[in-house]
Every structure is written in C-alpha cells, then in structure tokens.
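Notebook open, model loaded. I want to go through the fold, then a few residues, then the helix.

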Amino acid sequence: MNDFSKKCFVCQRPIDPSTTCKNTEVNLPVCDHCKGTQAEQDALNEMNDSLSDGWFCGGM
Ligand SMILES: [Zn+2]
C-alpha cells in the first residue's frame with residue numbers, strides 16, 4: 001500500500017482517500033483544511049515549480 005494515498009500531502013494528517021479531494025497536479029490527496037491554502041501552495045512548490053489549480057474529488 002502506498003502511504004501517500006492515505007494522508008494529506010500538506011499536513012500529513014491521515015485521510016480517507018475515498019472522500020478526500022486530490023490535487024490533480026501531484027495526484028496526492030489534500031484535506032479540507034489545507035485545500036486552497038498557502039500551505040498547499042508551499043507544499044506544491046517543494047515538489048514542483050509549475051503550479052496549476054485543480055482537484056480531483058472522490059478518490060480513484
Ligand atoms: Zn492537510
């Protein structure tokens with residue numbers, strides 16, 4: 001099992017991948033507390049310099 005699919009990539013809080021939105025840029029789940037926040041942008045900046053908005057909701 002990929003641990004990254006079960007926690008918010010911003011705050012590392014455990015989440016339910018079936019009900020949590022994914023950031024489609026990195027294909028990682030992001031919790032409601034972090035979605036759309038500067039913290040999310042900062043986390044994205046650490047992974048990828050090219051930013052774009054977009055979430056995939058409801059899991060895969
Ligand atoms: Zn979070």
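This is a predicted model: local features need pLDDT of at least 70, side-chain atom pairs count only at pLDDT 80 or more; totals for chains, interfaces and linings use all residues.

Residues are numbered from 1 along each chain as its sequence is written.

**Entry: contacts of I15.** I looked up what I15 touches. Leaving out residues up to four places away in sequence, I found K6, K7, C8, T20, P29 and C31. Is I15 buried or exposed? My cut-offs: buried means 20 or more other C-beta atoms within 10 Å of the residue's own, exposed means 12 or fewer, and partly exposed is in between, with C-beta atoms placed from the backbone. I15 has 21 other C-beta atoms within 10 Å, so I put it down as buried.

**Entry: overall layout.** Helices here are DSSP runs of H or I with at least four residues, strands are runs of E with at least two, and both are numbered from the N terminus. Reading from the N terminus, I get the order β-β-α-β. I15 falls in the segment before β1 (22-23). The protein has 60 residues, and 23% of them count as buried. For the contacts with a separation of 6 or more, I noted that 34% come from residues 24 or more positions apart.

**Entry: positive phi.** Which residues other than glycine have a positive phi? I noted Q12, with phi near 70°, and N27, with phi near 60°. Q12 is in the segment before β1, whereas N27 is in the loop between β1 and β2 (28-29). Q12 counts as partly exposed because it has 13 C-beta neighbours inside 10 Å. N27 has 12 such neighbours inside 10 Å, so I logged N27 as exposed.

**Entry: the helix.** Which residues of α1 (residues 38-47) are buried? I wrote down E40, A43 and L44. These cover an arc of only 100° around the axis, so they are on the same side of α1; the arc is that of the directions from the helix axis to the C-beta atoms.

Definitions and conventions. Two residues are in contact if their C-beta atoms, placed from the backbone, lie within 7 Å.
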